[in-house]
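Hi everyone, thanks for coming. Let's look at a few charged pairs together, so please bring the model up on your screens.

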Amino acid sequence: AWKKHQVQGFTDKDGFEKEVVRHVETTLARSLFNCDEGAAYSATSLAFRDRLITEWNRTQQRQTTADTKRVYYLSLEFLMGRALDNAMLNVGLKDVARGGIDELGFRIEDIIEQEHDAALGNGGLGRLAACFLDSLASLNYPAWGYGLRYRYGIFKQEIINGYQVEVPDYWLDFNPWEFPRHDVTVDIQFYGNVRKSQDDNGKTVCHWEGGEIVTAVAYDMPIPGYATPSTNNLRLWSSKASSGEFDFQKFNNGDYESSVADQQRAETISAVLYPNDNLDRGKELRLKQQYFWVAASLYDIVRRFKKSKRAWREFPDQVAIQLNDTHPTLAVVELQRILVDIEGLEWDEAWNIVTSTFGYTNHTVLPEALEKWPVGLMQHLLPRHLQIIYDINLFFLQSVEKKFPNDRDILTSVSIIEESQPKMVRMAYLAIVGSHKVNGVAELHSDLIQTTIFKDFVKIFGADKFTNVTNGITPRRWLHQANPRLSELIASKTGGHEFLKDLTQLNKLELSIDDAAFRKEWAEIKYANKVRLTKYIKKTLDVTVNPASLFDVQVKRIHEYKRQQLNIFGVIHRYLALKAMSPEERKKQLPRVSIFGGKAAPGYWMAKQIIHLINNVGAVVNKDPDIGDLLKVIYLEDYNVSKAEMIVPASDLSEHISTAGTEASGTSNMKFVLNGGLIIGTCDGANIEITREIGQENIFLFGTLSEDVEDLRHAHTYGSHTVDADLNKVFDAIQSGTFGEPNDFGAMVAAVRDHGDYYLVSDDFQSYIDTQKMVDNEYRNQDEWVRKCIRSVARMGFFSSDRCINEYAEGIWNVEPLALK
Ligand code: 26V
């Protein structure tokens, strides 16, 4: 008889082992004797995957039956990192797995290390999307992520002779976490032209015809919530030639080459993640990626809505779509096109639905990162969408004119079309006009967008349309997973692991602050994390560092605005000071390890120079016998999510030192503090709110305030600009060849000394050095330092991405959690 399919629901070690063995022998078709760490990783993942599938199906069925409002998070980047450890912890079976893996003759840490990071993102924006997915599932919100399934994620960074070299990241070889849905496809149109006709009522109807078709295929990834059965879905689209398009005629006629070329052209769309972060280069392929992904996602969302047979006006009651930056802004236009051209709604009714559906999050004020597309390119690739954009703009400008009669300036300043040569579509303006809420990602950032880049829109729409949702991080990955011993210690002092679901409970830690045994264990955990990083540095770079040194870490994308140059100039200053000391004086100094990591966009020449200088300084300092342990300079290759999980728990001090007003939020600042590290930072992004929460006595703030930046820049350009004397000594050392060929760093020095110092490195240098001196002094008092760390962790509850997601749900999406029964 046919037996009903049984769920693979192991709950104990034996059950787990059975599943692993079954997967090794059947799914992987290998013998147990031939099971290496790679195969053990695969089989373990498959065993957990089976468990997730059951809950995933139940969650989706429950959401379909309940038919309540869903959230769709549209992001071109999801920086997920590894999935196995996270899955084990979220379903609460890591200890079971550890026991089973042990018996099979492996160490669970080695098995976890086998997994390749899913690195479909550049940095903060993509990692935020990943933290949001974790919180959405953990809080039982009905939510889907939509993105692109890049064949190549962010490149792998190698450091060769001190220079960054990019290596492609092919990550899909074996990925047990994705499910191809070959039956879920959408044909996506590009190019072609628009024909107009009249319908029976004499109404004009537009038809987008011709052009080329590329097929989108869905690949799904289960997103397990922590300590809940809820398992949400991340749907990534992959491009392939459409079966209608793949030219069988050509193929049969022997013209294989051009038929294969068509196929390759289609697959190119989802081939590679653009490795720029904060720089818009306006490439046609990028626009194709955006439309491909947006059109496939909207088709999917609309298809799901139509199944409920509701009236169109109910669409915003069922669907909330969040635009992660401007990258998915074409969704606004695409939904309007679907409603007007295909479903036959009147313009105004459709536009009401559209604007009620979308919310837009801005993630940067840097002008070079604000997306603009040439009108000509848009016309060529998406002719009907350009018409709709012009109509949206026309109606919008008419409403502005009504409100501000005879104000030509405001019309040109807010027009979605920039009247430049060539004309450009301003995507941020389109996103604002097409959404009901616009938010920034930290208080200062949200204030800045409302008073600078979007100020005219505040006048037009009113201040209510603009809001702040300060970023957050998931404590599951960034504390429980990355720092298991600290998580256990916190659990022992706060009454179990409840704090992982309600991070504000960390405040209970303050009650234990006078407990010497607690502080001792706290310090021991930090030390053990530093020892682990020390070993990694020895293994990968063959540099010996003393784990008792102060570990000073700056890991993030390399960018002038993030000011790694300020850090390395400070390191050089420290080196010169040490060299100038007598041996007796040196003995009194505090040993420090300066650790850097991060990728430069491949085309960002200055960022690559900064990497080169850091490595050259390391090469000199690390082997200088006068210096010994007092200073080491380390460049960690290929910084990514899984490396962050090792580095973050090992820091004593982390650097978040962007020019005030440039870093929208930052999220690693939160991760470092949550792991018991202190911060040296500027009054920028979320540093400001971290300071407010943890107390200014627990953070090392320095530098110019954002309200003074404009005047200083003006003074540099039009007044006289004198560079700090200590900084000049640093420049002299660089230019005398102390750190290799001086010409290599001429532009870096000149940018500060001779070309206006746009990022105010010289203005902030002295206060940076003074503040680092304070850090040294305070670190000498270890007892007080540990107390500061504990107090800070206790006050970090606000920065959970759970709080953040609840704010979006209430203030922007109007959605409620839906728990499994
Ligand atoms: C823009 C572009 C322009 C086109 C080419 C590729 C590309 C890729 C990314 C971006 C957006 C950059 C904005 C961004 O990443 N912002 C970061 O967002 C974090 C999460 O909100 C925040 O913590 C960081 O401060 C902010 O820099």
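Glu346 is partly exposed, at 49% relative accessible area; buried means under 20%, exposed over 50%, and partly exposed in between, with a 1.4 Å probe and protein chains only. This is a predicted model, where local features need pLDDT of at least 70, side-chain atom pairs count only at pLDDT 80 or more, and totals for chains, interfaces and linings use all residues. Residues are numbered from 1 along each chain as its sequence is written, and side-chain values use heavy atoms, with hydrogens and water left out.

Which residue does Glu346 form a salt bridge with? The partner is Lys203, with the closest N and O atoms 3.7 Å apart. A salt bridge here is a side-chain nitrogen of Lys or Arg within 4 Å of a carboxyl oxygen of Asp or Glu. Lys203 is partly exposed too, at 28% relative accessibility.

Now for a second pair. Asp50 and Arg22 meet through their side chains in a salt bridge, 3.4 Å from N to O. Asp50 lies in helix 2 and Arg22 in helix 1, so the pair ties together parts 28 residues apart in sequence; helices are DSSP runs of H or I, at least four residues, numbered from the N terminus. Asp50 counts as buried at 13%, while Arg22 is partly exposed at 31%.

Finally, Arg337 pairs with Glu334 in a salt bridge at 3.1 Å. They sit three residues apart in helix 11, about one helical turn. Arg337 is buried at 11%, and Glu334 is buried at 4%.

Technical notes. Helix = DSSP H or I, 4+ residues; strand = E, 2+ residues; numbered from the N terminus.
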